[in-house]
Amino acid sequence: MPSKPVLIAQISDLHIKPPGALAYGRVDTAKALERCVAALSAFEPAPDFVVISGDLVDTPSVEEYDYLKRLLAPLRVPFAGIPGNHDSRAWMRGAFPGAPYAHATGPLDQRIEVNGLDLLLLDSSVAGKPHGMLEPSTLQWLDATLAAALDRPALLFLHHPPFKGGIWHMDRQDLFNAAELAAIVRRHPRVRLIGCGHVHRAMLTSFAGIPVTLCPAPNHAVDLDLGQLREPSFKVEPPAFHLHTWFGGPDFGQLVTHQVPIGQFDGPHPFFGPDGKLL
């Protein structure tokens with residue numbers, strides 16, 4: 001086990017459009033990603049890896065993926081992404097041909113080992129549809145991959161949440177076959193976390209006996225409408241990313257998820273003066 005924690009940053013829902021275009025005519029997603037990349041690159045200690053959990057681009061188009069790659073180029077941390085409902089498998093595979101895809105065609109599932117930790121990236125995208133579905137090949141690959149190394153903890157990442165969060169128009173487009181995922185997770189106790197995106201909001205619940213988190217976005221948030229009071233809407237709220245921190249130890253160690261705000265803030269300031277007294 002590593003002597004220091006393993007840091008896995010998660011960003012999600014980048015929605016990059018062609019240069020100069022704004023999402024929904026209002027949100028500069030490119031500028032938001034630039035701020036996010038700067039925050040990740042400046043964070044100390046540096047994350048060991050960055051997972052991008054879907055909706056890397058918006059329309060999608062080859063132009064958007066080319067622009068996305070230029071925006072990610074300054075990132076000084078290795079990264080991998082999985083498709084969301086706004087992505088194209090074919091164009092994403094073409095944009096990132098060196099990724100360790102598990103299949104020659106079809107879902108862009110990936111397994112990445114980072115300092116004794118398995119990151120399993122699951123492609124839940126359905127072409128032309130907003131909801132998610134894990135294909136039989138993905139479920140079979142996941143089950144076999146989890147069974148192949150019983151001694152390493154694993155974190156799962158996918159775009160669509162496998163639970164309903166209470167925002168009515170998003171709950172209609174979550175993961176449609178969550179029960180099949182739950183059955184596999186329950187068979188493999190080395191799964192310590194499921195990290196998702198899609199809703200542009202931070203959420204936390206349990207699923208199949210383990211924590212599942214939703215990562216906020218660097219740009220805009222889905223309106224927190226828990227009473228079906230408004231039409232589907234978004235708000236520009238403080239951006240953030242998730243930092244999954246794994247400490248090695250017995251029973252697959254301990255995992256702690258931090259929400260890290262993106263931006264410049266006052267501090268840090270010491271609590272104590274040179275004399276050791278509280279300031």
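Buried means under 20% relative accessible area, exposed means over 50%, and partly exposed is in between, with a 1.4 Å probe and protein chains only. Phe 96 is buried by that rule, with a relative accessible area of 17%, whereas Phe 79 is partly exposed, at 29%.

Before I go on, this is a predicted model: local features need pLDDT of at least 70, side-chain atom pairs count only at pLDDT 80 or more, and totals for chains, interfaces and linings use all residues. Residues are numbered from 1 along each chain as its sequence is written, and side-chain values use heavy atoms, with hydrogens and water left out.

Back to the two rings. A pair of aromatic rings is described by the distance of the centres and the angle of the planes. Rings of Phe, Tyr and Trp (its six-membered ring) pair if their centres lie within 6.5 Å; planes under 30 degrees apart count as stacked, over 60 as edge-to-face and the rest as tilted. Searching the whole structure gives two aromatic pairs. Phe 79 and Phe 96 form an edge-to-face pair, 6.1 Å centre to centre with 90 degrees between the planes. Phe 79 lies in strand E3 (residues 79–82) and Phe 96 in the loop between helix H3 (89–95) and E4, so the pair ties together parts that are 17 residues apart in sequence. Helices (H or I, at least four residues) and strands (E, at least two) are DSSP runs, numbered from the N terminus.

Now the sheet. Two strands pair if DSSP finds at least two bridges between them. Six strands form an open sheet in the order E4-E5-E6-E7-E9-E8, with mixed pairing. Its edge strands are E4 (110–114) and E8 (203–207), each pairing on one side only. E4 pairs with E5 (residues 117–121) in the antiparallel sense over five bridges, and the partner of Arg 111 in E5 is Leu 120.

Next, strand E12. How many of the eight residues of E12 (residues 240–247) are buried? Seven are, so the strand is largely enclosed by the rest of the structure. E12 runs antiparallel to E1 (residues 6–11), joined by five bridges, and Leu 243 in E12 stands opposite Ala 9. E12 also pairs with E13 (residues 254–261), antiparallel, over eight bridges; here Trp 246 stands opposite Leu 255. E12 and E13 make a hairpin with six residues between them, and Asp 251 in the turn has a positive phi of about 55 degrees.
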